[in-house]
Amino acid sequence: RHTRCLSDWSSDVCSSDLLIVSLLLILGSSIVLIGALGLLRLRTFYQRMHGPAITITLGAGCLLIASMVFFTVGQSRLVIHEVIISLFLLMTAPVVS
């Protein structure tokens, strides 16, 4: 790798990987917060069910991708638990919205 690896975390986790993970975590948590605020703001039952379900699905997807990148780089192998969780999330989200 061309970037300097951080010795505090692991010899395999580099600063560019940590930057990608932290950006995905910030993006995902911001989207989930927007969905939660939408739940408070919307008036009818169907609006409260539809709007936040879409944003929370996208936010949870960003959080799962961040987790997958972090543990894949840290363990030097592909971690697929998050892929299975993402598939389950995407299969069940249209039922809610």
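At what angle do the axes of α1 and helix α2 cross, and within what distance do they come? In this predicted model, the axes of α1 and α2, the latter spanning residues 45-75, come within 8 Å and cross at roughly 165 degrees. Since angles over 145 degrees count as roughly antiparallel, α1 is therefore described as roughly antiparallel to α2. The crossing in which α1 passes α2 is left-handed, and the contact of α1 with α2 comprises, by class, 20 nonpolar, six polar and two charged residues.

Within helix α1, which covers residues 15-41, attention may be given to L18. The relative accessibility of L18 is 17%, and because buried means under 20% relative accessible area, L18 counts as buried.

A residue of helix α2 may be considered in turn. T57 is found in this helix and has a relative accessibility of 16%, so that T57, too, counts as buried under the 20% limit. When the neighbours of T57 within four places in sequence are left aside, the residues with which T57 is in contact are L89, L90 and A93.

Key: Residues numbered from 1 in each chain as written. Predicted model: local features only at pLDDT ≥ 70, side-chain atom pairs only at ≥ 80, totals over all residues. Heavy atoms only, no water. Helix = DSSP H or I, 4+ residues; strand = E, 2+ residues; numbered from the N terminus. Buried < 20%, exposed > 50% of the residue type's maximum accessible area, 1.4 Å probe, protein only. Axes fitted to C-alpha atoms, helices over the stretch in contact; angles between N-to-C directions. Parallel < 35°, antiparallel > 145°, perpendicular 65-115°, else oblique. Left-handed = near helix turned anticlockwise from the far one by under 90°. Nonpolar A, V, L, I, M, F, W, Y, C, P; charged D, E, K, R; others polar. Contact = heavy atoms within 4.5 Å.
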